[in-house]
Amino acid sequence: MIARIWHTEVAPARADEYERFAREVSLPMFRQQPGFGGVLMLRDNSRCQVITLWASHDAIAALDGSSTYRETVQAILAQGFLRGEQKVELCDAHLIALGADVPLAEAVRPS
């Protein structure tokens, strides 16, 4: 499994818009992509990271070439709530585990 980590910043006053876009547009788009294994969306004030998990480097290449992904990128840029530059890094995911003590539904804010 490969982790694709996207770094960006969002205007703090527009964080709710960013999170709504992530839930309503980005997440459904990711779920449509072949080889998609999961996503973790993180935000600390203005700093944001989106960590997506992929079956292979080929799946990431397919994402980059996907028309729905490119349309989503254009849409998020057009919203105007992102600031600064975006950066992407790839890492091999050698261990993935979720704790049993906290149900996932309690670990994230409800949509």
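Residues are numbered from 1 along each chain as its sequence is written, and side-chain values use heavy atoms, with hydrogens and water left out. Because the model is predicted, local features need pLDDT of at least 70 and side-chain atom pairs count only at pLDDT 80 or more, while totals for chains, interfaces and linings use all residues.

Helices α1 and α3 pack with their axes 10 Å apart, at an angle of about 170°. Helices (H or I, at least four residues) and strands (E, at least two) are DSSP runs, numbered from the N terminus. Axes are lines fitted to C-alpha atoms, for helices over the stretch in contact, and angles run from 0 to 180 degrees between N-to-C directions. The two helices, α1 and α3, are therefore roughly antiparallel. Angles under 35 degrees count as roughly parallel, over 145 as roughly antiparallel, 65 to 115 as roughly perpendicular and the rest as oblique. On the α1 side, the contact is made by Y18, F21, V25, S26 and M29. On the α3 side, T68, Y69, T72, A75, I76 and Q79 take part. Contact means heavy atoms within 4.5 Å. By class, the α1 contact with α3 has seven nonpolar, four polar and no charged residues. Ala, Val, Leu, Ile, Met, Phe, Trp, Tyr, Cys and Pro count as nonpolar, Asp, Glu, Lys and Arg as charged, and the others, Gly among them, as polar.

The axes of α2 (residues 57-65) and α3 (residues 67-79) come within 5 Å and cross at roughly 60°. That makes α2 oblique to α3. L63, D64 and G65 of α2 make the contact with S67, Y69 and R70 of α3. This contact has two nonpolar, two polar and two charged residues.

The second largest pocket holds about 250 Å³ of space. On a 1 Å grid over the protein atoms alone, a pocket is an open set of points where a 1.4 Å probe fits, with protein on both sides within 12 Å along at least five of seven lines; lining residues have an atom within 4 Å of a point. Grid points are joined across faces, edges and corners, and a volume is the space filled by probe spheres set on the points. The second largest pocket is lined by 17 residues, and W6, S26, Y69, V73 and I76 are the closest to its centre. At least two lining residues come from each of β1 (2-10), α1, α3 and β4 (82-92). Helix α1 gives the most, with six residues. The lining divides into 13 nonpolar, three polar and one charged. S26, Y69 and I76 are named both among the residues closest to the pocket centre and in the contact of α1 with α3.

Single residues were then examined. A59 is in helix α2. With a relative accessible area of 7%, A59 is buried. Buried means under 20% relative accessible area, exposed over 50%, partly exposed in between (1.4 Å probe, protein chains only). Not counting residues up to four places away in sequence, A59 touches P34, G35 and W54. A59 and I2 are 57 residues apart in sequence, yet 9.2 Å apart C-alpha to C-alpha.

Q33 lies in the loop between α1 and β2. Q33 is also buried, at 9% relative accessible area. Leaving aside neighbours within four places in sequence, Q33 is in contact with W54, L63, S66 and T68. The C-alpha atoms of Q33 and A62 are separated by 8.1 Å, across 29 residues of chain.

A62 is found in helix α2. A62 counts as partly exposed, at 39% relative accessibility. The C-alpha atoms of A62 and A13, 49 residues apart along the chain, are separated by 34 Å.

E17 is found in helix α1 (residues 15-31). At 28% relative accessibility, E17 counts as partly exposed. E17 and Q79 are 62 residues apart along the chain, with their C-alpha atoms separated by 8.8 Å.

N45 sits in the loop between β2 (36-44) and β3 (47-54). Phi of N45 is near 55°, a positive value in a residue other than glycine. At 60% relative accessibility, N45 counts as exposed.
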